[in-house]
Amino acid sequence: MQIRPNRRDFLAGLSAAGAAGILGTPGSLAAEGAPETTTIRLKQSAAICFAPAYVVEPFLRSEGFADIQYVDAGLGIPSGEVLARGDLDFDITFAGTVVHHLDLGRPVTAVGGLHVGCYELFAREPIRSVRDLKGRRVGIQSINSSAYFYISIMAKHVGLDPNEDIEWVTSPEGSTALDLFAAGETEAFLGFPPEPQELRSRGHRRVVLNTIVDRPWSQYFCCMIYGNAAWVREHPVATKRFLRAMYKAAEFCTAEPEAAAQQLVDGGFTEHYDYALETIESVPYDLWHEYDSEDAMRFYALRLHESGMLNSNPNTLLADGTDWRFVNELKRELKA
Amino acid sequence: MLALLTSSTLVLAHEAADQEEQRLPTIGAAPDFALTSQDGAEVTLEALRGKVVAVTFIYTSCPDVCPMLTDKMARVQDALGPDFGTEIAFVSISVDPEHDTPEVLKEYAEALDADLAGWTFLTGTPAAVRDVAHRYGVAVAPAADGQVDHTLLTTLIDRHGTMRVQYLGYRFDPEEFRHDLLDLVNEP
């Protein structure tokens, strides 16, 4: 583990000095009304790709939030379920997974894309492409996990039937899909930081697809910011301010990757500074202005529909489960 | 005849919608401030009413991103020609007021070739600066070795004191920035 001291010890500095004292009193931005609530709950996660969510605290404070909580939702419990029952206000996940939650009738609302990537498909010989997954043992944490949906969509995209052509191997309790792949029990594995870094540290370097660079995946937001539907509906000002804070945090990750990586370590989101830095430097966090959140959701919803994985009409799901007003307003108001 | 009138009305409505779409958004009233300039004078946003104003937050010992932002603004200053100073004002507020005294700011401005007829560098008490930064949506926090972490955010304010658009970071297109300033100058 490498932890480099860094001058921009942002979160630690805030904790030591008292964030409210440094950043002023909450709710004082005059341009819009104050947020309807000054409390916001985000998910405590180990997924490094969501770095903006872990460095967002000072930006949230400057938007008027005073009580910022990171909730440990519990391992293996989908955040959509936690959001739906109101124990979390916002989270980030793969767009296809958001569509799945909507299909289950969970009251969640997608409000904006965060980033492209950062999944890597590791595979053993002789697998050289997604098409070669036919008849292979592919490891996933569970059916209905984000990796399951993403691999299914990838498979469908190259003409495979994910239900018939792939032998899915779920992880038994106490084990992970990464462990199964590393142990040779599966032949392919779709990893999300820090998993790719962890696999490489164990000598597994064979990647056949990287969603940051490989088309068409690199052309769409992977991960969506989504919230509890009632929270979004009842707190439109707070939602917009939250989203603005997230995009400021994303800009911070792009401009100051070393500082952001150190904050992830200081905040207890990862122990591995080098994993965090590698991830933050490789993920394009600055595409929120350029890429179309609605287009990404539609792309993945249609692919899931084609794969027979949706019970509902995708257009209905998107109409009921998305609200792009906030990101569209921010694209006009906050140039980058 | 009725069809012709309806068609004309629709065209006009479309044109009006297009113009509205092209117009910079209206975010809300820009927060006022009263801070001290590089010359030791008190400057308020209210006193700049009637000009298009770009407000940004920097500090003079910032080693990396602030100089890039300020250099970009200096190039826009040059490109604005006679409108700069008469119609358009730049305001750079220090987020390190304990170090950035009026004298320090003046040296900084001169080193940058900032045209002080249209560009004001401001400082104040730490509490006053924190308050202004916060009200503009800028997060500020001291870092371990004397540096100051802060959001790089530049706000354009129209002649009437309304916040119209913000630029995040330092990599924005200076030509778009100049264009937005001139659009605001040309608004009624």
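**Salt bridges up close in a predicted model**

**View 1. One helical turn in chain A.** A:R61 and A:E57 sit four residues apart in helix α4 (residues 57–62) of chain A, which means about one helical turn separates them. In this predicted model, their side chains come together in a salt bridge, with N to O at 2.9 Å. A:R61 counts as buried, at 15% relative accessibility.

**View 2. A salt bridge between chains.** Here the side chains of B:R171 and A:E251 meet, 2.7 Å from N to O. How accessible are the two partners? B:R171 is partly exposed, with a relative accessible area of 38%, whereas A:E251 counts as buried at 9%.

**View 3. Distant parts of chain B, linked.** B:K106 and B:D39 form a salt bridge whose closest N and O atoms lie 3.1 Å apart. B:K106 belongs to helix α4 (residues 102–111) of chain B, and B:D39 to the loop between β2 (34–37) and β3 (42–44), 67 residues apart. With a relative accessible area of 32%, B:K106 is partly exposed.

**View 4. A network in chain A.** Salt bridges that share partners join A:E63, A:K240, A:R241, A:R244, A:K248, A:E329 and A:E333 into one network. Over all chains, the structure holds 35 salt bridges.

**View 5. Chain B as a setting.** Six helices and 10 strands make up the secondary structure of chain B. Of its 188 residues, 53% are buried. Chain B exposes about 8,200 Å², and carbon and sulfur atoms supply 55% of that area.

Technical notes: Residues numbered from 1 in each chain as written. Chains lettered and ligands numbered in written order. Predicted model: local features only at pLDDT ≥ 70, side-chain atom pairs only at ≥ 80, totals over all residues. Heavy atoms only, no water. Helix = DSSP H or I, 4+ residues; strand = E, 2+ residues; numbered from the N terminus. Buried < 20%, exposed > 50% of the residue type's maximum accessible area, 1.4 Å probe, protein only. Areas by Shrake-Rupley, 256 points an atom, 1.4 Å probe, with all protein chains shown as cover. Salt bridge = Lys/Arg side-chain N within 4 Å of Asp/Glu carboxyl O.
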